[in-house]
Amino acid sequence: MGFRTGIVGLPNVGKSTLFNALTRTAAAQAANFPFCTIEPNVGEVAVPDPRLRRLAEIAKSKQVIPARMTFVDIAGLVRGASKGEGLGNQFLANIRECDAIAHVVRCFEDGDITHVEGRIDPIADIETIDTELMIADLESVGRRLQNLVRKVRGGDAEAIRQERLLKAAASALEAGRPARSVAVADDDRRAWAALGLLTQKPVLYVANTAETEAATGNAFTALVEERARAEGAGFVVISARIEEELAQLAPEEAAEYLAAMGLEEPGLDRLIRAGYALLGLQTFFTAGPKETRAWTIPRGTLAPQAAGVIHGDFEKGFIRAETIAYEDYVALGGEAAAREAGKLRAEGKSYEVQDGDVLHFLFSG
């Protein structure tokens, strides 16, 4: 199951520097973790999770396989992208294929790096990209509404639902609000998601600062954080230059460099976790002598569907899931001790998998 986060921003905000740091970090992990660059602007990175190593130690696993997220470096959007400026149509199509948006915003001053608009104003930058995406969505909604007219007149129930949802989206967009601001009933969520609007996608604001302000932030990052809070969006402060430097250092040197910068962990770790949380994802584990592996599922996933992430046959023939909470697995020292202590539970088809569950699936083949 793949989850793609598109990295967007105006030109010269540090977007590609950040992406390059992500992919270099992942490449450096290649000896231990699977990594691939699918295209020049697409990379898969491991989701940082210290629980994985601990489980592997207890299970004496030969291999450790983390959960992964895909990041897509989408070339810098410019004013007029919705009309095709700067190859905008191609970039908008790339955004459409992503599950979430990491919006990199320039929060640093540097006379050597020009700003496409000639000023440092992170909120105006956000609004420029928001406007382009909303214009593109409005045009898409208008076309779809026209195409539905005949079916709606004929009483087609699904067309009537689509029309209602599209009109709700249009109302928000015309008022200058993204489609994700629309309150959607549970019964409509699948049909709403199928609209595939650009501004439906959850957003994580990435405030890119100077190296000296990565630990504390600055007045610019405070503005972005306030904006994110008001929207219910994600937010993280990061220095793309620090991440670029860290990606080229050995682990011991990287730890010293982080400490010198007043940071406890790489910003990329926070970025990846924030993207994971933004998409409403969680992790379950499988652990044994052969491998310990982290699997990504949306929160609320039931046991048979979680089994299906491993293999479709597991879901089709699902019998039950043997479940141990991570804390119990670690505290008791593994599956056998957890079973003896009564901490291994047998769960059926209605079980909602919890973050950190260590699972073993029984199925009929």
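Which residues does threonine 209 touch, not counting residues up to four places away in sequence? In this predicted model, the contacts of threonine 209 are Cys107, Phe108, Ala214, Asn218, Thr221, Val237, Ile238 and Ser239. Threonine 209 lies in the loop that runs between strand S7 (203-208) and helix H7 (219-231). Its relative accessibility is 3%, and because buried means under 20%, threonine 209 counts as buried.

I now turn to helix H5. This helix comprises 18 residues, 157-174.

Which residues of H5 are buried? They are Ala159, Leu165, Leu166, Ala169, Ala170, Ala172 and Leu173. Viewed down the axis of H5, these buried residues fall within an arc of 160°, and therefore they line one face of the helix.

Against what do the buried residues of H5 pack? Their partners are helix H4 (122-153) and helix H6 (189-193). On the face of H5 turned away from the buried side, we find the exposed residues Ala157 and Glu174.

Finally, let us consider the two ends of H5. At the start of the helix, aspartate 156 places a side-chain oxygen within 3.0 Å of the backbone nitrogen of glutamate 158. Just after H5, glycine 176 adopts a positive phi of about 80°.

Notes
Residues numbered from 1 in each chain as written. Predicted model: local features only at pLDDT ≥ 70, side-chain atom pairs only at ≥ 80, totals over all residues. Heavy atoms only, no water. Helix = DSSP H or I, 4+ residues; strand = E, 2+ residues; numbered from the N terminus. Buried < 20%, exposed > 50% of the residue type's maximum accessible area, 1.4 Å probe, protein only. Contact = heavy atoms within 4.5 Å. Expected span 1.5 Å × (residues − 1). Arc of directions from axis to C-beta. Polar contact = N/O pair within 3.5 Å; in protein donor to acceptor, adjacent residues only side chain to side chain.
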